[in-house]
Amino acid sequence: MKKRRQTRVQKKRKQALLFIAIGAIALVAIAAAAILSNVAQEGQAFTVEVQPALLSQEGEAGATLFKMNCQVCHGPNAAGSKLGPPLIHDIYNPGHHSDEAFYLAAATGVRQHHWPYGDMPPQPQVAREEVSKIIRYIREMQEANGIVYKPHSM
Ligand code: HEC
């Protein structure tokens, strides 16, 4: 009778040890995952979460043109990628980067200055009227994501 009780206690101890071991392994795995995801961020993809917007007709046309000409770098929904920054980002609010900055970017490219991606090459295949539609798309997406005009003097 006494013997059986002891073995039951031993069994419980073994179980407890097993739980502790599994817990420790899980903690190490979580820590490793956290470190790795930080490293991935330093691999320079500054992507953001973007909520979809109800687009106007011109905005829809702009979305198509964006996909064809800009998405490869600026990412789906202009949320950024490993090759270019998100445009649905506060630094591209209309007060900081006016529409003219978009026309200029497409026509003449952009010198690296805000991000560590390198220069943006010019996109001469995109006509000015097409850039207008892309701008409409970006502004509608920005607004849907709470990015609105802020004066540059801040
Ligand atoms: C080959 C990659 C690439 C493509 C294609 C591309 N971009 Fe860019 N773009 C970049 C990078 C990289 C930057 C960031 C430069 C910086 O500020 O360091 C940038 C910056 C910009 C800016 C900010 C300009 C400024 O004054 O700071 C705008 C606006 C822009 N892109 C619009 C567009 C539009 C519109 C298209 C499509 C017609 C497009 N880009 C296509 C890579 C690209």
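Me: What should I keep in mind about numbering and about the model before I start?

Reply: Residues are numbered from 1 along each chain as its sequence is written. The model is predicted, and local features need pLDDT of at least 70, side-chain atom pairs count only at pLDDT 80 or more, while totals for chains, interfaces and linings use all residues.

Me: How many helices and strands does the secondary structure of the chain come to?

Reply: Helices (H or I, at least four residues) and strands (E, at least two) are DSSP runs, numbered from the N terminus. Here the chain has five helices and zero strands, and along the sequence the pattern reads α-α-α-α-α.

Me: How is the packing of two helices described, and at what angle do H4 and H5 pack?

Reply: Two packed helices are described by the angle between their axes and the distance between the axes. Axes are lines fitted to C-alpha atoms, for helices over the stretch in contact, and angles run from 0 to 180 degrees between N-to-C directions. Helix H4 (residues 99-108) packs against helix H5 (residues 128-144) at about 130°, and their axes are 10 Å apart. Angles under 35 degrees count as roughly parallel, over 145 as roughly antiparallel, 65 to 115 as roughly perpendicular and the rest as oblique; H4 and H5 are therefore oblique to each other.

Me: Which residues of H4 and H5 make the contact?

Reply: Two residues are in contact if their C-beta atoms, placed from the backbone, lie within 7 Å. From H4 the contact takes Asp 99, Phe 102, Tyr 103 and Ala 106, and from H5 it takes Arg 128, Val 131, Ile 134 and Ile 135. For residue classes, Ala, Val, Leu, Ile, Met, Phe, Trp, Tyr, Cys and Pro count as nonpolar, Asp, Glu, Lys and Arg as charged, and the others, Gly among them, as polar. By these classes the contact of H4 with H5 holds six nonpolar, no polar and two charged residues.

Me: How far apart are the axes of H2 and H5, and at what angle do these helices pack?

Reply: Helix H2 (residues 57-69) and H5 pack at about 105°, with 7 Å between their axes, and the two helices are therefore roughly perpendicular to each other. H2 brings Glu 58, Gly 59, Ala 61, Gly 62, Ala 63, Leu 65 and Phe 66 to this contact, and H5 brings Glu 130, Lys 133, Ile 134, Arg 136, Tyr 137 and Glu 140. The residues of the contact of H2 with H5 fall into six nonpolar, two polar and five charged.

Me: Is Asn 77 buried or exposed?

Reply: A residue is buried if 20 or more other C-beta atoms lie within 10 Å of its own, exposed if 12 or fewer, and partly exposed in between, with C-beta atoms placed from the backbone. Asn 77, in the loop between H3 and H4, is buried because 22 other C-beta atoms lie within 10 Å. Phi of Asn 77 is near 60°, a positive value in a residue other than glycine. Ala 78 also lies in the loop between H3 and H4, and Ala 78 is buried, with 27 other C-beta atoms within 10 Å; phi of Ala 78 is near 55°, again positive in a residue other than glycine. Over the chain of 154 residues, 21% count as buried.

Me: Where is Gln 71 found, and which residues does Gln 71 touch beyond four places in sequence?

Reply: Gln 71 sits in helix H3 and is partly exposed, with 17 other C-beta atoms within 10 Å. Not counting residues up to four places away in sequence, Gln 71 touches Phe 66 and Pro 76.

Me: Which residues come nearest to the ligand?

Reply: A residue is near a molecule or strand if its C-beta atom, placed from the backbone, lies within 6 Å of it. There are 25 residues around the ligand, of which Cys 70, Cys 73, Gly 84, His 114 and Met 120 come nearest. Helix H3 (71-74) and H4 are the elements that give two or more residues to the shell, and H4 gives the most, with four residues. By class, the shell divides into 16 nonpolar, nine polar and no charged residues.
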